[in-house]
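Thanks, everyone. Please have the sequence and the model open.

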Amino acid sequence: MSEDVSQLIKLRIEKIENLKKSGVNPYPVRYFKDDYAEDIKNNFKDDEAKDVNVAGRLKSKRPMGKAAFAHLEDLSGSIQIYAREDVLGKENFGIFTSFDIGDIIGVKGQTFRTKHGEISIKVQKAELLAKCIRPLPIVKEKDGQLFDEFADREQRYRQRYVDLAVSPGVKADFILRSRIISGIREYLTGRGYLEVETPMMQAIPGGAAARPFSTHHNALDIDLYLRIAPELYLKRLLVGGFERVFELNRNFRNEGISTKHNPEFTMLELYSAYQDYKYMMNLAEDMISSLALKHLGKMVIDYQGSTIDLTPPWEKITFVDVIKKYTKVDFQQIKTVEEARKAADSVGLAVADDLSIWKIANEIFEERVEDKLIQPAIVMDYPKELSPLSKSMEDNPEFVERFEPYIAGREIGNAFTELNDPFDQKARFEDQVRKREAGDEEAQMMDNDYICALEYGMPPAAGMGIGIDRLIMLFINSSSIKDTILFPLLRPEKID
C-alpha cells in the first residue's frame, strides 16, 4: 500500500470519528430507498418536479462555494445531484461536502433539469449510509471511452467487489450472465423440462473423465468426492419416470487453471426420454441462437475479432472427417498405433507412448483442429473408446451417437444418445476401471448402483451438457473464463 493511500485511509477514519462525535452514525442501521436513477431519468417531465428518494455510491463531487454538484450511482445507472447550503443548512451542507468519492449515501429531493439540460435531483436531505475508507480506483471517461486505473487483471479478480464498483461494463456482463441463465430456465421449462437438484457430494464421482476433489464426512466416516458431473444421477431420474429433466449445476474438477478452465464451473445438463442425439443437436442450435437474439438482439455477433453467425443450421461433421478436413490425416485408413503415431508426427505433434489409436486421434483433434472451428459446428460420431456413456451407432458399433458443439475454437458442450443397456454399460465401466488401475486418473470408477438402476429399465434417451461459463465468454466477447465468474479461484496472495 502506497504512502498516499495510507494517508487517505487515515484521513477518512478521522472523518468517521468526527462524525461520531457530532452524533452522526456513519453506518446507520437501515435506509429504505424508493427510486432508481434510470427510472427517474426515463420518467422525467420538465413541467413536473417529483419527490424522489435514491441511494447509491458517490462517484464524483464538484464543490462550488455554497453549492455542490455530484453524481450518485446505483444498480440502474448514474444521476446528478445538486446540493445548496441555503437548503440543507450550514452544518448538513458541511457534512455533505465532507463525503468522499466511494461513500454510499441516501438522498431525498426533487427532480429538475439544469441549464445544461442534465436531469438532476435538488437535494433536500442527504445521509451517509456507509463510509468508503479505502479510496476507489478512479475510472475516467473521454469521448465515450473508459480509462480504468484498476487495470491489474489479477487484482480485479481478487477484489471483484471493487471491479464491480468502478467498472459499469463488468457489472453489465454479470447482469447479462444472470439473465441468460434465467433465459435457459425459461426456455427449458417452456418445453416441459423439470428443474431438479442432485448431490454435490458423491461416493463415486462419475459422468465425466476428470480428476475429482476429495473430502471426508466425519459423522459417517466415509470419503466423498465433489461431483465432476450430475449425469448419472439425472439419468437415474429417467429410470424413475421423469421424462425431461435439467440441472444448472456447479461442478468441480481437480485440473489446471487457464483462460478456458476453472476448477469450479457451471454446467447445464439436460436429459430427455424418447429422443436421440439429433434432437439434442437441434435443441442446442435453437436454444443458443434464441438466447443471443433475445439478450443481444442479434444472431450474428463479434467475438475477439471474428464475426460469428449463430443462425441455425450449423455445420455438422463427423469426428473422423473434421480431422481429415484440417490435417489431411484419415483415421479410417489407420489400423495400428504405429501408424497413428506417424500421423501425429506428420502434423508436428509428439504424443505419449501409452496412447491408443483413438487417444492419439483425440490429441490431434484437440491440438490441430479445435482452434479452427470458429463458426458454429457440430462435431459428431465419436469413437466408442472416447465415450464410455454413449450409445453405439447401429451401423458402426465402434462409433457412438455423440456430438460436441464448437464455437470460436472452443467446445461448449457434449451430448449423447444415452447408453441404457446395463450389460454394455457394465462392460464399459470395467474397461474404465482397468485403465484407472493402469494409472489413468481421469478414468471412471465402477458405479454398481447406477448399473442397478439401469437394470430396472431406462427408456431410450438423449442428454446434453453445456458449459455456461464458456457460453457467457462468447456472449460478453471475453477471451478469459475468469471474466464470467464472479470469484474465480486464484492462488492465495502473498502478504509481505
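I start with an open sheet of 3 strands in the order S9-S11-S10, paired antiparallel. Strands here are DSSP runs of E with at least two residues, helices are runs of H or I with at least four, and both are numbered from the N terminus. Two strands pair if DSSP finds at least two bridges between them. Strand S9 (201-202) and strand S10 (214-217) are at the edges with a single partner strand each, so one side of each has no neighbour in the sheet. S9 is joined to strand S11 (residues 222-226) by 2 bridges, and methionine 201 has leucine 226 in S11 as its bridge partner.

Before going on, the source: this is a predicted model, where local features need pLDDT of at least 70 and side-chain atom pairs count only at pLDDT 80 or more, while totals for chains, interfaces and linings use all residues. Residues are numbered from 1 along each chain as its sequence is written, and side-chain values use heavy atoms, leaving out hydrogens and water.

Next, strand S12 (residues 244-252). Of its 9 residues, 7 are buried, so the strand is largely enclosed by the rest of the structure. Buried means under 20% relative accessible area, exposed is over 50%, and partly exposed is in between, with a 1.4 Å probe and protein chains only. Strand S8 (residues 194-195) runs parallel to S12, joined by 2 bridges, with leucine 194 opposite valine 245. Strand S13 (residues 264-273) runs antiparallel to S12, joined by 9 bridges; there, phenylalanine 252 stands opposite glutamate 264.

Now the helix pair. The axes of H11 (residues 337-346) and H12 (residues 357-368) come within 9 Å and cross at roughly 10 degrees. Axes are lines fitted to C-alpha atoms, for helices over the stretch in contact, and angles run from 0 to 180 degrees between N-to-C directions. That crossing makes H11 roughly parallel to H12, a label for angles under 35 degrees.

Last, the cores. A nonpolar core is a set of buried Ala, Val, Leu, Ile, Met, Phe, Trp, Tyr and Cys residues joined through side-chain atoms within 4.5 Å. The largest has 75 residues, and Ile323, Phe331, Phe365 and Phe475 touch the most other members. Helix H9 (residues 277-296) gives the largest share, 10 residues. A second, separate core has 22 residues, among them Ala37 and Phe96.

Notes
Parallel < 35°, antiparallel > 145°, perpendicular 65-115°, else oblique.
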